[in-house]
Amino acid sequence: MDAIGSDFPLWLRAQHLLNFILMGMLIRSGVEMLSSLPRLWWRNDCAPGTEWLKFTKRELPKEEGVYTSLMDEKSVHPALSLPGRENIGLGRHWHGVSVMLWVLNGLIYVILLFATGLWRRIIPTSWDVFPEAFESLKMYLSLQVPDLSHFSPYDSLQMLGYTFVIFILAPFMMITGVAMAPAIRARFPRFVKMLGGHQGARSLHFIGLVMFTGFIIVHVALVFLVHREHNVIHMVFGGGEVATARVAQATVIIVSTIVAVTVFWIALSYWSLADRARAQRFTAGFTEIGRKIFLNKLRPLGKKNAVYTAEDISEFHWTNGLPPTDEESPEWLAARERNWDGLTITVRDDINGVEKQLSVEDLKKLPKHSYIATHTCMQGWSATSEWAGVRLTDLMAILGPRPEGARYLLAESYGLAQKMYDNRPREPFYAAIDLETMEEEESILAYERNGKPLDDHLGAPARLRVESNHGYKHVKWVSRIMWIHDYAEYGDGRGGTREDSALQAFNGRI
C-alpha cells in the first residue's frame, strides 16, 4: 500500500523480513508455553473454575493436591508450536531467544527510523489524522479501496496502526512479559502488582499476543488486496516502475519467502526435537546472556517489601508433583504417620564429607524468618502465601564456615521426579542454586505456610523457598541439603531435576 516513487531502503526491508521471522518464532513458542497450562486467570490463586479463558475440556478438581499442573499439559503438533510435543522447557528457551533478537531488531529499527527521518511516514504530526483515518476505515468496511493518492506512503489509518503497534503494543508486550519473571517480582513487587500480579500480566500478555496476531493477518491481507502491484514492488525492490514483469517477479519472491520462512519455523521445531539436549544447551546458553545483563544483579527487597499483605494470601494453591508414595519413599510415608517423629533432614558438606542430622524440631529451634510472597510455576500458575522457616545461611552455618571450594547449594527430595524427558526410571528430585541466590533474605527452608505446618502436597515437613526463582527450584519434601563444588557432578549435570527432565535453565529467575 505504498505510493509510486516511495523509497523503501534495504535496511527497512531487511528488518521487516527479520521481524516476520522472529514474530513467528515468538508466537509459536508462546503457543508451546500456553499449552503447558492452557488456562488464563485474573485471580492470582488460579482457583479451579475461575478461569476467564481455557483451551481444554478438562475440568479441574476443587480439592488441593490431587491434580498437578503437569497433568493439565497438552501436546501441540510441531507444525503449530516451537518445539511442540509437551516441551515447555525448550519452548521457554526459544521464546527467550526470539524475544532477545526481536527487541534488538526493534531497537535498531527505531534508531534508524529517527536517524533517517522516516519516522514522519509513521508517526502522525497533525490531528487531522484521526478524521482521515475514520474515513479510511468506513471505506474499508464498505469493501471499497482508498485511492492510491491517499498513501504517502501510508494512509492515516495505517499511520495510526503502525504507531500503535510499534510504540504502544510492542512495549506493552515487553512490560507484561518481564512482569512474569520471579526476579522482577521479587525486586519490583509494586510494579507487578499494578499489572494485576502474575496472572494479570499473563492474561494481558495473551491479549497482546492476540492483537499482534490480528495485526499481522490484516496487514498481510491488505498487502495483497489493496493496490497489490504497488505494494509488492516496494516491498521487494524498494520502489521504481510498476511493470507487469516486475510485479510478477516481486510476487514470486514474496510467496517464495513466506514458504521458506514457514519451512524454517517448522524445521526449527524438528531440529529441537531431534536432539533436545543439544537444543537446550544452545537456547539456554543464549538466553543466559540476557539473564546476566538484566536479571542476575536484581535481588529481592527482603524486609523492605511491604507490598504483599495478608489480604493477598491465596485461597487455593496448585502443586506440581504429588507426595512420595510407599514405593518412592517408605521412610517419608512412615514418618508422616508419626507426625514426622524420627524423620531427619541431612545438612551436609559434600566436599569434605561432613554432615549433621536435624529433626523438624531441631529446625524450629533455629532463628525463624517469615514473609509473604507469590509462588510461580514456569508453567504459568501462581499463589501467594506467608512462608516461615529458617534462612539457608543460618541453616548451613550449623556446619561451621562455608567450606573452601563450595560454589553451590544442592537440595534433594524424598520424592522422585514426575517424569524424565528420555523416559528412563524416575530419579530423586533435586535442585542446585548459586551462592548469591542462597544468601538472599527470602531463601529459606520453610516448615510453615500461613501460620500452619506445611500441607503434604506442598512439601511437608520442609521445603526449599527461593523467591527470586520459579517453583522448580523450590524442592519439596527435602531430605538433605548440602554444599557442593559443581552441580555438573550430580544428575545429568544441568543443575536440577527439572533441568534434567524438562530441560529448563539452571537459572530460574525468568
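Helices (H or I, at least four residues) and strands (E, at least two) are taken as DSSP runs and are numbered from the N terminus. The structure is a predicted model, in which local features need pLDDT of at least 70, side-chain atom pairs count only at pLDDT 80 or more, and totals for chains, interfaces and linings use all residues. Residues are numbered from 1 along each chain as its sequence is written, and side-chain values use heavy atoms, with hydrogens and water left out.

Backbone geometry was examined at two residues other than glycine with positive phi. Trp 477 lies in the loop between E11 and strand E12 (478–484), and its phi is near 50 degrees, a positive value in a residue that is not glycine. Trp 477 counts as buried because its relative accessibility is 5%, where buried denotes under 20% relative accessible area, exposed over 50%, and partly exposed in between (1.4 Å probe, protein chains only). Leu 143, also not a glycine, has a positive phi of about 65 degrees. Leu 143 is situated in the loop between helix H3 (129–141) and helix H4 (156–178), and it counts as exposed because its relative accessibility is 79%.

One joins Leu 82 and Pro 83, with omega about 5 degrees; Pro 83 belongs to the loop between strand E2 (53–54) and helix H2 (88–115). Another cis bond runs from Ala 460 to Pro 461, with omega near 5 degrees. Pro 461 is placed in the loop that lies between strand E10 (452–453) and strand E11 (463–466).
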